[in-house]
Amino acid sequence: MVGKMNVFDKEYDVIVIGGGHAGCEACLASARMGHKTLLLTINLDTIAQMSCNPAIGGLAKGQLVKEIDALGGEMAKNIDETGIQFRILNMRKGPAVRSSRAQADKKDYQFRMKYILESQENLDIKQAMVDRLIVEDRKVKGVITSTGMAYLGKSVIVTTGTFLKGLIHIGDLSYKSGRAGEPSAEGLSGNLVELGFEIGRLKTGTPPRINARSIDYSSLSVQLGDEPPKPFSFSTEKITQSQLPCYLTYTTEETHRIIRENLSRSAMYSGRIVGIGPRYCPSIEAKVVRFPDKDQHQIFLEPEGRRTQEVYVNGLSMSLPEDIQLQVLHSVIGLEKAEMMRPAYAIEYDFAPPLQIKPSLETKLIENLFFAGQINGTSGYEEAGAQGIMAGINAVLKIRNEEPFILSRSQAYIGVLIDDLVTKGTDEPYRMFTSQAEHRLILREDNADLRLMDFGRKFGLINDEIYSKFEKKRRQIEQEIERLQKTRIIPDASVRDKLKEIGTAEILTPFTLMDLLKRPEICYTDLEKFAPAPDDLVEGVKDQVTIQIKYEGYIRREWAQIKQTQNLESWKIPQDLDYENIHGLSNEAREKLSKVRPFSLGQASRISGVSPADVSVLMIMLSQMRQKKEESSKELATE
């Protein structure tokens, strides 16, 4: 088959299809691990393009970005260099739900990432559209582009975003496109169907962009970034660039009237769109229909960069005709004379329901073929980047015949994300929330380096300088906790005066600095009055010590719960198990287990429709299998 084609004269270890956020992290990971990697993307000028919101992070998404960074990815470093406003969300709440978010200079973000890829050793980048996969004996061997060029590789990672049979809708107008101004990928989706994959249809959308000069800022509320801004990457010392303001406005009753009267012209409500849209990022039409009693909805005006007048109208995603979009814009406070530079649109695209992939992101149907990003049904740059780095790592490990790298739900938000996809599947765009992580107090964004950087180092993705800095931080945290445990304070008159000064209750018996810090009203700086901390503590040590001490009891309880669930995860299930012939399973459990093919008893227990009784049946059967295996081993040893 390959011999009759025009075959490129260089063979690769890893071929990545698509230069979005998943593709960038995937190809960087495999190349940095020392393997020859090829990135094929439709347009070299739109690598790492921010198709929708020009921002990185957000609730639960900030945690994903920090985890990508701890594993050795690029997303956090890229936003630190190109961000125009940095904020930590939920600062008034506990550390478990705090998340970083930053507005990006859209073009700076895109072109810095492009330069990083171009400069990366072991990585080739080429502009091409992939039409088909080369598959022999259910194993991927390479790809064929629309020009007929064949590229051979030991593994392939598909990160196609919204380009698989992409279809844009603006009112009554529909046209093929993977993103506004770019062609859709028409061939690859059909090829996946030919190979036996199930393909579904999803929908997402984006709001209009307007000219900043046409906005009446006098009627808007300004939203400033944090000062000083806190970096995303654990390797960034500080953010040095200035920040730009964002603005807050609202829809009006007139906005809602216009939308209600024109619902029949919305692509979403006229029946033109068949794909399922994101539940938690609805269009303005959906908001008006779902919440008829609400008089207004928040709209955030976010600049797209320092050297552009384009402003992203966050919260006004829609698929109405262009003339109606203008009416909607002009009904919003402060946008009465807004000049629309790009219209909003909805886009439908093909995806592969994720029950077809393993926890390593390798497909179950085709060996050495990996899926990452929106092809797995997710939404968001951060979810895509997280899958991308995992797919890149696992593609290399598969080539090396090593065990796959799989993060558990208790190790990372990335583990929660992938486990949700491969265990529960999704029929709507999936996005990450803190509520989906049952161990979110353990999986904070501030400790992502402590949880994951050793893995990044192991895979060769963390360099000596970054790892040395991390080791120093980890060592200082341990030493500082020990110092607070051992430093005892005698409550004499001067100590009692200091306690009164910092606004805490009197203490009559000797106490340690750790005891004092456990009090809710006490912060780390208060301890300085009793015993100063070492001068050389690196950034983040004081925060880590504070959180670990103040939440010690809660953290201990979470670890106890994790140990209980780890027992179920240790029970591995053979992938060829015949569930139809296991006596005692419910019919629904047989059907779900046969479809998902869980890798462990823990994963089986999280499948919808599999009851505790079904899990018990599986445990008994696995125990019997273990016993037979042990007896067989003993007999062989005796012989």
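1. Basis. The model is predicted: local features need pLDDT of at least 70 and side-chain atom pairs count only at pLDDT 80 or more, while totals for chains, interfaces and linings use all residues. Residues are numbered from 1 along each chain as its sequence is written, and side-chain values use heavy atoms, with hydrogens and water left out.

2. Helix H2. Helices (H or I, at least four residues) and strands (E, at least two) are DSSP runs numbered from the N terminus. After H2 comes Gly 72, with a positive phi near 105°.

3. Packing of H2 on H9. The axes of H2 and helix H9 (residues 381-399) lie 9 Å apart, at an angle of about 25°; axes are lines fitted to C-alpha atoms, for helices over the stretch in contact, and angles run from 0 to 180 degrees between N-to-C directions. The two helices, H2 and H9, are therefore roughly parallel (angles under 35 degrees; over 145 is roughly antiparallel, 65 to 115 roughly perpendicular and the rest oblique).

4. Residues at the H2 and H9 contact. H2 contributes Lys 61, Leu 64, Val 65, Ile 68 and Leu 71, and H9 contributes Glu 382, Glu 383, Gly 385, Ala 386, Ile 389 and Met 390; contact means heavy atoms within 4.5 Å. By class, the contact has seven nonpolar, one polar and three charged residues (Ala, Val, Leu, Ile, Met, Phe, Trp, Tyr, Cys and Pro are nonpolar, Asp, Glu, Lys and Arg charged, and the others, Gly among them, polar).

5. The sheet. An open sheet of four strands runs in the order S12-S11-S20-S13, with antiparallel pairing; two strands pair if DSSP finds at least two bridges between them. Strands S12 (173-176) and S13 (200-206) are the edges, each pairing on one side only. From one strand to the next the twist averages 25°. Three bridges join S11 (residues 167-170) to S20 (residues 345-351), and His 169 stands opposite Ala 346 in S20.

6. Gln 374. This residue lies in the loop between strand S21 (369-371) and H9. Gln 374 counts as buried because its relative accessibility is 18%. Leaving aside residues up to four places away in sequence, Gln 374 touches Gly 161, Thr 162, Tyr 349 and Phe 351.

Methods. Buried means under 20% relative accessible area, exposed over 50%, partly exposed in between (1.4 Å probe, protein chains only).
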